[in-house]
Amino acid sequence: MMTKIGLIYSFNTIKTSKNAEKVKKAFGKDYDVEMVNVEEIDEDSFLSYKNMVLGVPTWFDGELPNYWDEFMPAIDDMKLKGKKVALFGLGDQVGYPENFVDAIGLLAIALEDRGAKLIGFTSPEGYTYERSAALRDGQFLGLALDIENQAALTDERIKAWVEQLKKEF
Amino acid sequence: MTVKKKYSIKGTPKKLLSEWFNLMTLGRALDEKAPNYLKQAIGWSYHAPYAGHDGIQLAIGQIFDRKTDHLFPYYRDMLTSLSAGLTAEEVIFNGISKDNDVAGGGRHMSNHFAKPEWNVHNVSSCTGNHTLHAVGIARAVKHYKGKGVAISSQGESSVSEGYVYEAINGASKEQLPVIFVFQDNGYGISVPKKDQTANRKVADNFKGLKYLKIFHCNGKDVFDSMNTMTEAKAYAAENQMPAIVQANCVRMGSHSNSDKHELYRDNAELSYVEKYDPLAKFRRLLIRYKRFTEAELVKIEDDVKLQVKKAHRAGLTAPDPDPNSIHDFVIPDAYPAEKYPEGLHNETGEPKKLIEGLNETLKAEFRNNPDTFIWGQDIANKDKGGIFNVSKGMQQEFGIERVFNAPIAEDFIMGTANGMSRFNDKIRIVVEGAEFADYFWPAMEQFVETTHEYWRTKGQYSPNITVRLASGGYIGGGLYHSQNIEGALATFPGVRIVYPSYADDAAGLLRTSIRSKGMTVFMEPKALYNDPKAQAVVPDDFEVPFGKARVRREGTDLTIVTYGNTTHMCVEVADQIVKDLGKNVEVIDIRTLVPLDKETIIKSVAKTNKVLVVHEDKVFAGFGGEIAATITEEAFKHLDAPVRRVGSTFTPVGFNRILEKATLPNTDKIYAAAKDLLDY
C-alpha cells in the first residue's frame, strides 16, 4: 500500500506553491501525496492524515502567515500523537537574518507540543544568518528554502530532503 | 511546553470579544472617516491612520486602568485611546479641534488624543518625547507607593531619539514600573527601519539594560497583543521594573495625510499589508471558531455606523474655541508672595552670601513641603551638594528619595521633572537643569515641551518646576562656563525667568518659585555665589513676587535697567558718576525678566528721560533688545536720547582672561555709555 501524505500549504501563494509542487514530484509515484489548501482546511481534514508535509513561509520579522496563525487555535486543542510531520518553509537569510525561517520553528514546536513527531530535520550548513527559531540542537526543524538568495540550491535541497523523508515516514 | 495564555479565541468570554469587536470596528470607521473632514475643509488636517496596529492598540487601552495607571499615547494611537475609554465624540472633537476637545480644547494638533482627567496624558508631537514623562511619573508612582504603571507608546523609528534611550536607561537605573510599547510598522514616514538602527527589532538594542524585560508580540493579533501586554504589566507592577513591548504591526495607509506611500512602497507590499489587516483577521477568527455568527457581527457593524453618525453630528454642532481665549492658560498664577508684596524688606542683622541664601531657602522649603524633590547632576554625594555646593547637606536631611543625582542627561533631568509633576499638584520639583547653564542646550526640547503643557492642555496640567541654572561668566570659564542663555529662553511663552543679583532677592525669588505653580527658570549668577558684593540680610520668610523690579539706587538724570552680574557694576558706575559728574543715576534691577515689570521701568524713564540697558548677555538679540523696544514703544514721549545698550560682544566668551575681559561688559564700558547718554 502506498504511503499517504498530506502536503498542506496555501494554494494562494506563488513561491510556496511552486516548491510544494517540487516536493510532490520528488516523492514520485510510490507515494500518495495529496495537496491540501491550508486556507480551507478544518480540524477533521487535518487530522485525517497520519503523515504530513507542511509548507510554512516566514512573514515579517519572524511570524507565521495568517492562514497558519488562524489555524493555531485549532491545533492547540488537537491530540497529534502518532502523527509524523515534516515542515518546509521559505525565508530570506540576507533580508531577515535575525528571523530566518522562524515560522518553521513556531509551527513545529506547537505541533510537537500536541504530540506530533517531527521529522525531516536538516543541517544549517550552507546558510548564513544570525538567528532562527527553527534551529534546535544544531539542526533546523525542517527544510529551509531561500529562493531569494540561494535559488540555485533549491531543487537539490528538496530532492535530498524528500529522500530523507522517505526513510523517516 | 507552551504556557496557557489568558486570552484566546476559544476561551475569551463572548461579552469581551463583542466589546473588542465593537471598539475595533468603531476605531476603524473613525480612522477611515477622518480624511473626509479634511476633504470637506472641516478640520483633522493631521491624521496618522492606525490601521494595521489594531491588535496592540486595543491591548494597550484594555490593560490601562485609569484609576492607577498613566497612559502616554502617541499621535497614531486612536484605537488605543478609544480602548482606554475615550468616546467617539471625544475623538472627533479632537480631530476637528473643537472647544470641548478633552485633550485641550482644540489647542493641540488633531489626532493627538488625550484625557488628562483620566490619566490619558496630552503629549507632544515630538516623537518619543513622552517616554521621559512616563519615567518621571513612574518615579512618583513608586515614591508614593501607587499600584499602577506608566505606559508609553510610540512608533519604532522614534526609538532613534536620544532621549528614548535616556528614558529607558533611567527606568532601568531607578527600577520603575514603565511599559515602553514600540509599535513597529517598519517605517518612520518613508524611512525604512533599516535606516534607523542595525537590529530589525529595535527593542533588542536594549538587551543589556538591567531589570528591563523585553517582550515581542504580533501587534496585528488581538490575542497575542492582549497576552503580551498583560504579562508586561504584571512584570512591571509586581517587580517595579520596566518592560519593553515590541509589537510587530503593518502600516496599511500612508504615514499621514501629507504622505503618499505609493511613492516608496510597491504594489506587492501594499497588497500584503492589506492582506494582513488585523481587523479582518479578528473577524475571520470570530466566525471560524463559531464565537459569533455573521449576523451577529453585522449587527455590531451596523450599530457602529450609528455611533459614528451620532458622534459626527455632535462634532459638527460643537462650539469652536474662542479666539480671545489664546491668552488664557499661558502660565498658571504664581504664589502671591503676600508677606512682602513689593519684594522689599527692612530686616537688619548679619548679611549672608548669595549661596547661603539659596541653600537655606531650599532647606526651608523642603522642610515646609514634604512633596518637594530636587535632582540634577552632581547634586549630592556625602559633603558635596551640587557643582557649587548650593544643595549641600540636603540629602543628609531629606534623604535620597527626595534629593538625588541624575545621569548626565539634561533632557532626562528636565523631562522626568515634567513627568513626575503630573502625579499631583502638591508636588514641587527643583532641578539643576545642568551643571552650568551652558550645558542646558540638550534639554531644550524638553524645556520647550514643558512650556507648552499648561496652554496645550487648556489649564489641565501645570508642570510645577523650578529649573536652577548656574549662569554667566567672570570666572575665567571660557565658552562653556560663561554663557547667558536667558535671552534665548525668554522667547518661549509658558515660563517665568528670574535672575537675582543679591542674596535676599535670590532667597525670596527661590521661595516664590518653589511655591508657585508653573515653571520658573531660576538663573544663578555663579560669579556672585560667594562674592561679598552680593551679600545681604535675608529675612527667614522672605518672598519676592514675580514681575517686581527693585530700584537699587535712586536717581534723576539717567535710568540704568539691568539684572544679574551687571547690577553690581551699574551700582558702582552710578556711585562713581555722582562723584565725577554730579549726576544721579537710577539703577533698576529687574530681578524678573518674565514677567517684566514695565511699570517701574517706564515710571523711571518718565523721571530721567534717558535709559541705558545693561546685561551680561550679548547685546545682539539679548533680552535688552526687548526692554529697549518696550521703552521705545511705550515711553517714547519721555525720551530725550536714544535707548543705549551695553552687554557682551557678539562672540563666544574666550577662555584667556584677556579675551574674556574684551567680551564681557564691565564698569568701564558701562561708565562710558552712561556718560555718553548723560552728555547727549
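**Ground rules.** Residues are numbered from 1 along each chain as its sequence is written, and chains are lettered from A and ligands numbered from 1 in the order in which they are written. The model is predicted, so local features need pLDDT of at least 70 and side-chain atom pairs count only at pLDDT 80 or more, while totals for chains, interfaces and linings use all residues.

**Whole chain.** I looked up the secondary structure of chain B and got 21 helices and 19 strands (DSSP runs numbered from the N terminus: helices are H or I, at least four residues, and strands are E, at least two). Its radius of gyration is 29 Å, close to the 26 Å of the globule rule for 680 residues, so chain B is as compact as a globular protein of that length (taken over C-alpha atoms; the rule is 2.2 Å times the number of residues to the power 0.38). The C-alpha trace of chain B spans about 100 × 55 × 45 Å along its principal axes.

**The sheet.** Which order do the five strands have? I read S14-S16-S15-S18-S19 in chain B, an open sheet with mixed pairing (two strands pair if DSSP finds at least two bridges between them). S14 (550-553) and S19 (644-648) of chain B are the edge strands, each pairing on one side only.

**One pair.** I then checked S15 (residues 558-562) and S18 (residues 611-618) of chain B, which pair in the parallel sense over four bridges. Thr562(B) has Val614(B) as its bridge partner in S18(B).
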